[in-house]
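Subject: Structure handover

Hello,

Here is the structure we spoke about.

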Amino acid sequence: MSDASSEKNTVLMEKIVSLCKRRGFIFQSAELYGGLNGCWDYGPLGTELKRNLKDYWWRRHVQEREDILGLDGSILTHQAVLKASGHVGGFSDPMCDCLLSKARLRADQITPQSGTAYWFTGASHSESGWSVERDYAVLAVEGTDENKARKTARQYYAQFLSDKQVSPKSLELLGERTEEVTETTRFNPENGSLLTEPRAFNLMFQTRMGASSEESDESSIAYLRPETAQSIFVQFKNVLETSRVKPPFGIAQIGKSFRNEINPRNYTFRSREFEQMEIEYFCRPEDGLRLTDEWLEARLAFYEEIGIPRERLHVVDIPDEDRAFYSKKTYDIEYEFPFGIQELEGVAYRTDYDLSVHQKGSGKSMEYFDEETKEKFLLHVVEPSAGCDRTILALICEAFDEETVTNEKGKEETRTVMRFSPRMAPIKVGVFPLLKNKPELVAKAREVQKMLTPYMTVFYDEAAAIGRRYRRQDEVGTPWCVTIDFDTIGENGEDLRDTVTIRERDSMKQERIAIADLRGFLLDRIL
């Protein structure tokens, strides 16, 4: 990506973040107290958008199918579950600390760099007699002044000064040597400082259960679940026995998960608290690969249904060496965010790994008994796992648009419009009386609002000029606006009585429609 393109996308992302706060889509959690890093609160419009997504996902995958059942598992998770799954002791990311800024970085996400590494053995201050011996290095990439590397080194060694009145500029650097390095990840891309060696960082949030639990009581330890999948696996036999399903069948769940991310970033994309929309689809071993490909196509079609076009999605067939050891096939579905192409969802063929580890961990059979063949065997699993919050962010990024239009005064202005798919839009229709000081118009508008409210989210607005009200609804993505005018109440003749003007968001075209036909017109287009 060129510098100009990168800057343009940065500006675009800033506009999206600003709109999300200004119009009540997303707020920083605990903003009143400085914010809670990696956590976000959905405002009134964001809540509606998220509910629309989750409801539609549930409808398409559970309510409209006979082979998928629902589950709502607990967030607090028994430690034995996560020991069996491999999360306890194995669910970690490699972490590095910047020796200068103390920032924490994920070692596997550091951009490789090439340049000259300036190494030093320590620093001293002749006037006070102070000195310190400690190896340190700064990377100077091509085009970087070598004196900048020395300045960074002095700032690092100044941390160890006992007299904080001494300026870093007055320190003498010791034992300078240089080394040419290529594609190294040992230095912080932000400031060139040397990083600590990578170490494992546990991503799970641990807690203790019970009023009398003590630090020494290992049995009181529980975890906030790092994924929704494990509750599906441990309840597999209960669902199987109570629902009398036969393979292939799935168990679906939408719920919160928690990961103590080293470096939350890219707005809501990587958060410490997030929501997943996940299916574990159980099948016979011989059907696993075929069903993985079928689920990939089904999920791509779903994204198109909610307003994310196929051409903005990328499918990555994860190579053998990069897949989890238990997976026979994994696809990542990625989206073109302004900050880069990033994963929305994974579709993974997990074989019988999950049921086998819980069978071993619990000592109880997780096998399926086939009544026809009299066989007992472990079912395999295909897992389409989508990030709800990531999908919301993709919907917002895809919907955001700015265009130049001519207003009613003949002047050009910028129209900000969120082009949500009608089925995803937080507000389906705005209802406006042309004038708020005309009781007949207001009464009729309220009547239309009352008629539509049981079937969809309606926003009533009577403040400001009608053009300004349109713009406000454009900015939050409302697909249609209905205006009750003088024709509606028959002041210009009986021919148009009980009709309204309906204005479409994207084209801004208007047409007359009978109030009696309005509900059907809208429902046909939003379901």
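The largest pocket in this predicted model has a volume of about 1500 Å³. Its lining is made up of 46 residues, and those that lie nearest the pocket centre are F91, E227, R259, D332 and E343. Several elements give two or more residues to this lining: the strands β5 (92–97), β15 (273–283), β17 (329–337), β18 (340–351) and β21 (380–387), together with the helices α8 (353–362) and α9 (388–399). The most comes from β18, which gives 8 residues. Sorted by class, the lining of the largest pocket holds 18 charged, 16 polar and 12 nonpolar residues.

On the cysteines: how many disulfides does a search of the whole structure find? The count is 0. C98 is in no disulfide, and the nearest cysteine sulfur to its own is that of C96, 10 Å away. A disulfide here requires two cysteine sulfur atoms within 2.5 Å. C98 is also buried, since its relative accessible area is 1%, against a cut-off of under 20%.

Regards

Technical notes:
Residues numbered from 1 in each chain as written. Predicted model: local features only at pLDDT ≥ 70, side-chain atom pairs only at ≥ 80, totals over all residues. Heavy atoms only, no water. 1 Å grid on protein atoms, 1.4 Å probe; cavity = no way out; pocket = protein on both sides within 12 Å on 5 of 7 lines; lining within 4 Å. Points joined across faces, edges and corners; volume = space filled by probe spheres on them. Helix = DSSP H or I, 4+ residues; strand = E, 2+ residues; numbered from the N terminus. Nonpolar A, V, L, I, M, F, W, Y, C, P; charged D, E, K, R; others polar. Buried < 20%, exposed > 50% of the residue type's maximum accessible area, 1.4 Å probe, protein only.
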